Amino acid sequence: MSGFEAGYAVGRVTAEELHGVAPELAALLVDTVHGGASLGFLAPLDHGAATGWWRALGPDLADGRLLLWTVRAEADGRLAGTVQLRPAATANGRHRGEVAKLMVHPADRGHRLAGRLLTALEERARELGLRLLVLDTETDSPAERMYEAAGWTRVGSVPDYATDPDGVPHPTTIFFKALGG
């Protein structure tokens with residue numbers, strides 16, 4: 001993939017693979033939450049609870065209500081990041097999907113891995129016939145700047161929409177991206 005850091009590989013995770021990879025995903029989630037990222041969890045986040053949360057996504061992965069990607073370091077196979085796509089289930093929304101839980105391990109940031117994950121997600125979304133993606137992220141966060149740089153359009157922000165891992169409310173910015181054919 002031109003323009004991206006070499007040494008990392010992006011791949012999809014199937015429902016069958018989820019059980020085995022859940023502890024690694026949990027470690028990434030725990031590290032990311034403890035690093036201050038607002039991902040819907042409060043600190044301290046227990047590794048066992050995080051593993052259970054990931055494993056509970058299995059039925060959604062199995063029936064296509066959720067798609068999950070990871071990026072790994074090619075040298076040692078270490079999990080470096082992940083992202084999810086939730087295609088809308090309603091009849092009037094089948095042309096859109098929601099991007100969720102984009103995480104890159106702090107040790108792997110600066111290698112354009114979030115961009116690689118988003119590119120893989122957007123390519124699959126187009127294959128599925130999705131024409132619109134939406135997401136939300138903490139206002140004034142590094143993630144907000146990354147989405148803007150990746151061509152996402154800022155809709156606006158909602159005050160005190162979610163709390164950070166310490167339970168402090170913060171505004172959330174809503175983004176969308178129209179996918180070309």
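An open sheet of seven strands, ordered 1-2-3-4-5-7-6 with mixed pairing, is found in this structure; two strands pair if DSSP finds at least two bridges between them. The edge strands, each pairing on one side only, are strand 1 (8–13) and strand 6 (153–163). From one strand to the next, the twist averages 25°. This is a predicted model, in which local features need pLDDT of at least 70 and side-chain atom pairs count only at pLDDT 80 or more, while totals for chains, interfaces and linings use all residues. Residues are numbered from 1 along each chain as its sequence is written, and side-chain values use heavy atoms, with hydrogens and water left out.

**Strand pairing and helix packing**

- Strand 6 and strand 7 (residues 169–178) pair in the antiparallel sense over seven bridges.
- Val158 stands opposite Thr172 in strand 7.
- Helix 1 (residues 15–34) packs on the sheet and touches strand 1, strand 2 (67–73), strand 3 (79–87) and strand 4 (96–104); contact means heavy atoms within 4.5 Å.
- The direction of helix 1 makes about 115° with that of strand 3; axes are lines fitted to C-alpha atoms, for helices over the stretch in contact, and angles run from 0 to 180 degrees between N-to-C directions.
- Helix 5 (residues 142–149) also packs on the sheet, where it touches strand 4, strand 5 (132–138), strand 6 and strand 7, and its direction makes about 155° with that of strand 5.

**The chain as a whole**

- The protein chain holds five helices and seven strands; helices (H or I, at least four residues) and strands (E, at least two) are DSSP runs, numbered from the N terminus.
- Along the sequence, the pattern of the protein chain is β-α-α-α-β-β-β-α-β-α-β-β.
- The C-alpha trace of the protein chain spans about 35 × 35 × 35 Å along its principal axes.
- Of the 181 residues, 39% count as buried, that is, under 20% relative accessible area (1.4 Å probe, protein chains only).
- Among contacts between residues at least 6 apart in sequence, 61% join residues at least 24 apart.

**Thr82**

- Thr82 lies in strand 3 and, because its relative accessibility is 0%, counts as buried.
- The side chain of Thr82 reaches the backbone oxygen of Trp69 at 2.7 Å.
- Not counting residues up to four places away in sequence, Thr82 touches residues including Leu25, Leu28, Trp54, Trp69 and Leu117.

Methods: Buried means under 20% relative accessible area, exposed over 50%, partly exposed in between (1.4 Å probe, protein chains only). A polar contact is a pair of N or O atoms within 3.5 Å; within protein, one must be able to donate a hydrogen and the other to accept it, and residues adjacent in sequence count only if both atoms are side-chain atoms.
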